[in-house]
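This briefing is meant for a reader who is meeting the structure for the first time. Please keep the sequence and the model at hand while reading the points below.

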Amino acid sequence: MDIKNAQLEVDNWIKEHGVRYFNELTNMAQLTEEVGEVARIIARRYGEQSEKESDKNKDLGEELADVVFVVMCLANQTGVDLQAAFDKKLDYKTKRDHDRHHNNEKLK
């Protein structure tokens with residue numbers, strides 16, 4: 001599924017199951033919370049912090065999907081076409097960063 005169709009799926013889900021979108025500020029707070037959950041897993045599982053027993057069964061993929069879902073909600077309610085924005089950003093980064101990263105001694 002491409003981003004555009006995923007955005008439509010989220011919109012359909014909201015209409016069928018979610019009653020309505022939370023307002024933009026609530027969704028921004030939700031996004032911050034979800035990113036925090038991703039950060040907690042990364043810091044403990046891949047970083048230097050020890051992982052609590054209660055965190056060992058947390059699913060990183062599920063938490064990342066929560067972030068994507070809320071981002072799509074925000075895009076839908078603010079009229080952003082994420083497919084177009086992503087394609088434009090990827091093109092920009094490709095032109096800007098190709099030689100930069102290939103010539104970065106730290107990445108070799």
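At what angle do α1 and α3 pack, and how far apart are their axes? In this predicted model, α1 and α3 pack at an angle of about 85 degrees, and their axes lie 9 Å apart. Angles of 65 to 115 degrees count as roughly perpendicular, and α1 and α3 are therefore roughly perpendicular to each other.

**Contact of α1 with α3**

- On the α1 side, the residues that meet α3 are Ile3, Ala6, Gln7, Val10, Asp11, Trp13 and Ile14, while α3 contributes Phe69, Met72, Cys73, Ala75 and Asn76.
- Sorted by class, this contact of α1 with α3 holds nine nonpolar, two polar and one charged residues.

**Contact of α1 with α4**

- Helix α4, which covers residues 82-102, packs with α1 at an angle of about 150 degrees, and the two axes are 7 Å apart.
- Because angles over 145 degrees count as roughly antiparallel, α1 is roughly antiparallel to α4.
- The two helices, α1 and α4, cross in a right-handed manner, and their contact is made by Ile3, Lys4 and Gln7 of α1 together with Leu82, Gln83 and Phe86 of α4.
- By class, the residues in the contact of α1 with α4 are three nonpolar, two polar and one charged.

**Contact of α2 with α3**

- The axes of α2 and α3 come within 9 Å and cross at roughly 160 degrees, and α2 and α3 are therefore roughly antiparallel to each other.
- The crossing in which α2 passes α3 is left-handed.
- Among the α2 residues that take part are Glu24, Asn27, Met28, Leu31, Val35, Val38, Ile41 and Arg45, and the α3 residues they meet include Leu60, Leu64, Val67, Val70, Cys73, Leu74 and Thr78.
- This contact of α2 with α3 has, by class, 13 nonpolar, four polar and six charged residues.

**The largest pocket**

- The largest pocket holds about 180 Å³ of space, and 13 residues line it, with Phe22, Asn27, Phe69, Val70 and Cys73 lying nearest its centre.
- Two or more lining residues come from each of α1 (3-18), α2 (24-45) and α3 (60-78), and α3 gives the most, with four residues.
- The lining of the largest pocket is made up of seven nonpolar, three polar and three charged residues.
- Cys73, one of the residues nearest the centre of the pocket, also belongs to the α3 side of the contact with α1 and to the α3 side of the contact with α2.
- Asn27 and Val70, likewise among the residues nearest the pocket centre, take part in the contact of α2 with α3, whereas Phe69, another of them, is in the contact of α1 with α3.

Key:
Residues are numbered from 1 along each chain as its sequence is written. This is a predicted model: local features need pLDDT of at least 70, side-chain atom pairs count only at pLDDT 80 or more; totals for chains, interfaces and linings use all residues. Side-chain values use heavy atoms; hydrogens and water are left out. On a 1 Å grid over the protein atoms alone, a cavity is a set of points where a 1.4 Å probe fits but cannot get out, and a pocket is an open set with protein on both sides within 12 Å along at least five of seven lines; lining residues have an atom within 4 Å of a point. Grid points are joined across faces, edges and corners, and a volume is the space filled by probe spheres set on the points. Ala, Val, Leu, Ile, Met, Phe, Trp, Tyr, Cys and Pro count as nonpolar, Asp, Glu, Lys and Arg as charged, and the others, Gly among them, as polar. Axes are lines fitted to C-alpha atoms, for helices over the stretch in contact, and angles run from 0 to 180 degrees between N-to-C directions. Angles under 35 degrees count as roughly parallel, over 145 as roughly antiparallel, 65 to 115 as roughly perpendicular and the rest as oblique. A crossing is left-handed if the near helix is turned anticlockwise from the far one by less than a right angle, and right-handed if clockwise. Contact means heavy atoms within 4.5 Å.
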